Amino acid sequence: MQHALRIVTRRSAALLMIGALGACTGANRPAGGSEPTPFSNRSDCGELSWIGGTTEICEGVLIYRDYVYDDHGADTNPTYNSPIGRLSPVAGDATYAAGQENTADLVMLELRLDGGTVRVRAELNTLYDANSTLVAVAIDRDNDAATGGGEWPGLGIASSGWDEIHTLDQADPATNLVSGSFPRPAGDTWRVQAVVAQADGTVMNVAFRGTQEESKALAAASAGDGLTGGTWWEDKQAAALGAGDISAFAAVVAVADLSQSRTVLDTIAPGLHQRVYTSAYTLEPGEGISVDGVPGRHGDTGNPCEQYFHFLGRYQPYGLYLPATDGPHGLQFVMHGCEANHASLINAPGMQQQFGENLNRLLLVPLGRGPTGFNSDIAERDNLDAWQDVLDHYEIDPDQMYSGGYSMGGYGTLRMAELYPDRFAGAVNWVGFTGDIFNTPVPDNPLPPETGEQGSSVGAVGNVIDFVGNLRHIPIANLYGGEDELVTATTALALEQAFANTAEVVYEFFFHPVAEHLTFALLDNWQKEAAYASGRVRVHNPAHVTFRTDEALDYPEYQITHDQAYWVSAIQGRGEGYIDVDLQSSGCGGSLPTFTDGQDQGVGPAALAWVSTLREVSGSTPLVPKNHLGGALNNVATLTIDTAGTCLTSAPVQYDLTVDGPTTLKLSDGRVLNLPGAGMHQGSF
């Protein structure tokens, strides 16, 4: 595609700034140390995150920002090819020698004029060896496809129109930069192309592909066309390289825009995109890909769907669907399943229409550092950082943000909503794993650890069944299948029982007797759960807060702690294990909801019959305003209560609190209540 640019007259108002973070265990700055020095100030578009395929001119510097992990070369074989994640197929079939993976993955290409010289440099995602990678740039001096063109020497590809080709000859593995220069060509309008290849000339990555690259494997599968295409935003690249002709990929540049230091920004259309952000964290060696994966906190067990991390460097992608409707938008997580990636589900038309367009939501799928990150540890950090990147760049209604995901992502749906409850308006869980394969709908669920087998948690970090009470203010739809071969009906019914047995949690549990694990994804029809999630609004400062946490779920090295919910914060435990907060403030008055349990049944998606159990809000009872705090705390050493959020701004505060040991309550205005030991405590402070 010929990439069009538009000139803008007003500079963008904000840049994404990533704060400098100190060195920490397990989190390493990338090989090469500091960021490369930019060619210009790039005040209009020098962001540290971008939509893949963006081409811009920033104060006279032509900048192309590529997709990442899209370096799989030509599509030469229709065979399903998925080197990392069985549900993460690649479109291209070219491979690297062991230990050189990802070393021809373009991140950014910059071109500028320096008097009579053109200076070009390419930043690669990974570069271990200065001689491993070739970067070639072609210039069509008159932007005329009918003149020039042909084979690119030594690279096995061709394109129309080019008049000169230059190979960049200076490579620096310390910064992952490959650079070079050549005399300024003649002409007023150039057509610029570029490729990155392995040392033997195998082209792996093509620049200037535009922001409409495709990642259509799931869409093709759901349409009955088989697993054509891939899931890494490289389908058009792979097809062009397979055909040996990359004429479609170029940027047309007015030379005056370069010489006169103009700024020309790209136009981003609605639809499916890969967005890339710059992470403050890397895994050893600080760049590249680990095909086998870096083991998570359970170690190198080799168990199916164990927690491993495969994508190590600072540039991390996520999938993003932008609806055509105007903002402010809602935000819907669609966390991917085990073996899948950040294109999962949102590259299919049903999900895009029913959750994106119809509900006016941006759809977000973090990669999570690979197909089995389990939305925990550095994968959880990826969730949080991708989320923040969306908030930094799009108009999002903070009261319309929803958790959601499929299989492993369904586990992530529950885990994220339970551990960050005050950020979500609702949630949708599709066939989510619960955290232990021995969860059963019987007393003493799950089975005591001594009766289980090693690896019963698979890659999970925490059992989401034990935290269902945290969803008190987050209505959630759960969808499961009776013939699911992975998340079995027994496990699903254990979760249903947990919802049924947890008071004042609003939910609907849809059970489809003949559905299998991938049925919902393949049918690509999400109507009833989209209807359930429609119109939900985030709850602010509820009178009643229930929150369970466990410091074992934290990862301080990645700045991950789960110590706050609504008006309760800085929660610290007295010992190991679960920390339970159940507090009610009458300070603001208002009302408390009442609930009704029920059942339902129906058909859909397609001809799938379903039955459901549910709880919904049926009314309310008044809550008389008074300066009172009541409830129970277990294994809490200290916590802080926000006086504004509870309306406990005046003294004295009456309290009725049951604790299981010495506990300190701090109010945000400086008042402190020390409860010396276990038992019921009443009084005022």
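Student: What do the buried residues of H2 pack against?
Tutor: In this predicted model, the buried residues of H2 pack against strand E10 (157-160) and strand E15 (203-206).

Student: Which residues of H2 are buried?
Tutor: Helix H2 covers residues 235-243, and its buried residues are Asp235, Gln237, Ala238, Ala240 and Leu241.

Student: Where is Ser247 placed?
Tutor: Ser247 sits in the loop between H2 and strand E16 (250-254).

Student: Is Ser247 buried or exposed?
Tutor: Ser247 is buried, since its relative accessible area is 15%, and the cut-off for buried is under 20%.

Student: What does the side chain of Ser247 reach?
Tutor: The Ser247 side chain reaches the backbone nitrogen of Ser160 at 2.8 Å. Not counting residues up to four places away in sequence, Ser247 touches Ala158, Ser159, Ser160, Arg191 and Gln193.

Student: Changing topic to H6: how many of its residues are buried?
Tutor: Twelve of the twelve residues of H6 are buried, and the helix is described as mostly covered. Among them are Met408, Tyr411, Arg415 and Glu418.

Student: What covers the buried residues of H6?
Tutor: The cover includes helix H5 (378-393), strand E24 (396-406), strand E25 (426-430), strand E26 (476-481), helix H7 (489-500) and strand E28 (544-550).

Student: How far does H6 reach from its first C-alpha to its last?
Tutor: H6, residues 408-419, reaches 16 Å, close to the 16 Å expected at 1.5 Å a residue.

Student: Now Thr103. Where is it found?
Tutor: Thr103 is in the loop between strand E5 (61-65) and strand E6 (106-114). Thr103 is buried, with a relative accessible area of 2%.

Student: Which backbone oxygen lies 2.7 Å from a polar atom of its side chain?
Tutor: That is the backbone oxygen of Gln100. Leaving aside neighbours within four places in sequence, Thr103 is also in contact with several residues, including Asp71, Tyr96, Tyr128 and Thr133.

Student: Which strand does Thr133 lie in?
Tutor: Thr133 lies in strand E8, residues 133-140, and is buried at a relative accessible area of 7%.

Student: What polar atoms does the Thr133 side chain meet?
Tutor: A polar atom of the Thr133 side chain lies 2.6 Å from the backbone oxygen of Thr103. The Thr133 side chain also makes a polar contact with the side chain of Ser132, at 3.0 Å.

Student: And how many residues apart in sequence are Thr133 and Ala199?
Tutor: Thr133 and Ala199 are 66 residues apart in sequence, and their C-alpha atoms are 5.0 Å apart in space. Leaving aside neighbours within four places in sequence, the contacts of Thr133 include Ala104, Leu124, Val196 and Ala197.

Student: Which residues other than glycine have a positive phi?
Tutor: Asp524, with phi near 55°, is one of them, and Asn541, with phi near 45°, is another.

Student: Is Asp524 buried or exposed?
Tutor: Asp524 is buried, with a relative accessible area of 9%, and is placed in the loop between H8 and helix H9 (527-533). Asn541, in the loop between H9 and E28, counts as partly exposed at 41% relative accessibility.

Student: How many cavities of 30 Å³ or more are there?
Tutor: The count comes to four cavities, and the largest cavity has a volume of about 60 Å³. Eleven residues line the largest cavity, and the closest to its centre are Asn125, Asn176, Glu287, Arg314 and Tyr315.

Student: Lastly, what does the secondary structure of the whole chain come to?
Tutor: The protein chain has ten helices and 38 strands. Buried residues make up 58% of its 685 residues. Among contacts with a separation of 6 or more, 75% are between residues 24 or more positions apart.

How values were computed. Residues numbered from 1 in each chain as written. Predicted model: local features only at pLDDT ≥ 70, side-chain atom pairs only at ≥ 80, totals over all residues. Heavy atoms only, no water. Helix = DSSP H or I, 4+ residues; strand = E, 2+ residues; numbered from the N terminus. Buried < 20%, exposed > 50% of the residue type's maximum accessible area, 1.4 Å probe, protein only. Polar contact = N/O pair within 3.5 Å; in protein donor to acceptor, adjacent residues only side chain to side chain. Contact = heavy atoms within 4.5 Å. Expected span 1.5 Å × (residues − 1). 1 Å grid on protein atoms, 1.4 Å probe; cavity = no way out; pocket = protein on both sides within 12 Å on 5 of 7 lines; lining within 4 Å. Points joined across faces, edges and corners; volume = space filled by probe spheres on them.
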